Amino acid sequence: MLIMKKKRVLKIISRYYRRLDKKSRQMPPAYAPEVIHRFRTNYKKLKAFLHMIHVSGMPRKLKDFYQHLGLLRDLQLQEQYIKPDAFRLPIYSKILHRQVEQSKQELARYLSKKMLAKARKKTMAKVKSNFSHKTYQKYLQSKTMAMQHMLQARSFSDNDLHAIRKSLKELSNNQQLNNSAIQDKLGEFQDARNALHLLRKYWPADLSNKEAGLLKYKEQVLLRQKKRMKAQLAQEIKTIS
């Protein structure tokens, strides 16, 4: 029994690429966080659909663009995080702003090379046949077994929680699972991880004692927040395993 003809599969893929193209055109020059979010959401939905129908891999240039977009998103969130204290963090703020502008320039180079049109062509060429019920069952069984294995762990590393989040999001994007509060909490935990990473990555060596002290304080706040969130998530995950 066939779920979708090849023609229908191609139509769905084309729809996702049209959405990506629309959002990509809305990005420059501001790269507004909401537009970035919409693009990344549609990328994840396309990736989840392709995974479900056993079409392997996103085109490399599109994947690279998505990752650069994720970095810009994280940098923008970091700017918002330090905004109340930006006047007391002049050097760190300047470094962050410079990284944001460099990230925008890199993204503009991708868009200037008609990256999406090329990616769409490559993806469409990978669709060889109809999407069968057998293929769907194989996908669902594989994802269910992998999720059960992850949830049965006695403890969870930061990367474990990120993997669980990605799996839940994929099932949600393929309408096999309703979006839940725990997915939102896992997302917030990942944001805290990213904030801590960026704080350390762009921590300048030559700082005044006041600026260094404030960055150290913010680092400790993030560490406590991350630890608390991780403990809460571990308890909640055990209730659904």
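The model is predicted.

**Stop one: the loop between α1 and α2**

Begin with helix α1, residues 6-26, and helix α2, residues 33-52. Select proline 29 in the loop between them. A cis peptide bond joins proline 28 and proline 29. Its omega is about -5 degrees. Most peptide bonds are trans.

Stay in this loop and select tyrosine 31, which also lies between α1 and α2. Look at its backbone. Phi of tyrosine 31 is near 50 degrees, a positive value in a residue that is not glycine. Most residues other than glycine have a negative phi.

Is tyrosine 31 buried or exposed? Tyrosine 31 is buried, because its relative accessible area is 2% and buried means under 20%.

**Stop two: the loop between α4 and α5**

Move on to helix α4, residues 90-112, and helix α5, residues 115-126. Select lysine 114 in the loop between them. Lysine 114 has a positive phi of about 50 degrees, although it is not a glycine.

Lysine 114 is exposed, since its relative accessible area is 62% and the cut-off for exposed is over 50%.

**Stop three: helix α9**

Go to helix α9, residues 209-240, and select valine 221. Valine 221 is partly exposed, with a relative accessible area of 25%.

How far apart are valine 221 and phenylalanine 65 in space? Draw a line from C-alpha to C-alpha: the distance is 32 Å. In sequence, valine 221 and phenylalanine 65 are 156 residues apart.

Technical notes. Residues are numbered from 1 along each chain as its sequence is written. This is a predicted model: local features need pLDDT of at least 70, side-chain atom pairs count only at pLDDT 80 or more; totals for chains, interfaces and linings use all residues. Side-chain values use heavy atoms; hydrogens and water are left out. Helices (H or I, at least four residues) and strands (E, at least two) are DSSP runs, numbered from the N terminus. Buried means under 20% relative accessible area, exposed over 50%, partly exposed in between (1.4 Å probe, protein chains only).
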